[in-house]
Amino acid sequence: IQPMLANTKLISALSALQQQNIDGPLVTGHFRSAYETSRLGRPEVVEQIASNAVTLLTSKMTMEEKNVFFEFARQVVIKQAEDFSQDARHQIVAGSFLSTTGALDEALAYLDRARELMPGKQIIYLEIANAYLNKGEKDKAIEVLRYVGEISPDHKDQMEEYIRQIQQG
């Protein structure tokens, strides 16, 4: 029964996010309840929290409400990455969340861990390049994109176009 209750809370959180005027505390409460109700679906709950963080953090919530959500989201995302330290997927979720919310050095640590676990996964390198771009380290981003072109010859032209755009921008 608990996994079904957690799923219902997760659905309630996602439904509330679809409203025109998002009730941030309500969404945060549903996410928290879904997370705490059952361990079974917790990875999915954490992924949804991370992937919807920008929506909540850019909504009309008060700064205090945003801080409450952010601290909760950060805590559960990092805990999930630590609990599943041998799973690249959870490292990517943590790295992407931290990158999106501006914790770029910390994000790179999780993304580097994901890269170690799955060295041929293109999306990891793209996240790393994006984090370097956000840090203002264009040369490092370009280096990563060149590497993606090498390991994914089908995407070499696309990577070269990204590199041109970075160099022009």
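A residue counts as buried when its relative accessible area is under 20%, as exposed when that area is over 50%, and as partly exposed in between (1.4 Å probe, protein chains only). By that rule, Phe 70 and Phe 97 are both buried. This is a predicted model, in which local features need pLDDT of at least 70 and side-chain atom pairs count only at pLDDT 80 or more, while totals for chains, interfaces and linings use all residues. Residues are numbered from 1 along each chain as its sequence is written, and side-chain values use heavy atoms, with hydrogens and water left out.

**Confidence**
- The mean pLDDT (the predictor's confidence in each residue, from 0 to 100) of the protein chain is 95, and 100% of its residues reach 70 or more.
- Among the chain's elements, H7 has the highest mean pLDDT (98) and helix H10 the lowest (92).

**Helix H5**
- Helices here are DSSP runs of H or I with at least four residues, and strands are runs of E with at least two, numbered from the N terminus.
- H5 covers residues 63–83, and its 21 residues reach 30 Å from first C-alpha to last, close to the 30 Å expected; the expected span is 1.5 Å times one less than the number of residues.
- Its buried residues include Phe 69, Phe 70, Phe 72, Val 76 and Ile 78.
- The buried residues of H5 pack against H2, H3, H4, H6 and H7, where contact means heavy atoms within 4.5 Å.

**Aromatic rings**
- The whole structure holds three aromatic pairs; rings of Phe, Tyr and Trp (its six-membered ring) pair if their centres lie within 6.5 Å, and planes under 30 degrees apart count as stacked, over 60 as edge-to-face and the rest as tilted.
- One of them joins Tyr 35 and Phe 72 edge-to-face, at 6.1 Å centre to centre with 85° between the planes.
- Tyr 35 lies in H2 and Phe 72 in H5, so this pair ties together parts 37 residues apart in sequence.
- Phe 70 and Phe 97 are stacked, because their ring centres are 6.0 Å apart and their planes at 20°.
- Arg 42 lies over the face of Tyr 35, at 4.2 Å from the ring centre; a charge sits over a ring if NZ of Lys or CZ of Arg is within 6 Å of the centre and within 35 degrees of the ring normal.

**Helix H10**
- The buried residues of H10 are Met 159, Ile 163 and Ile 166.
- They sit on the same side of H10, because they cover an arc of only 60° around the axis, taken from the directions from the helix axis to the C-beta atoms.
- Asp 157 and Gln 168 are exposed on the other side of H10.
- The buried residues of H10 pack against H8 and H9.
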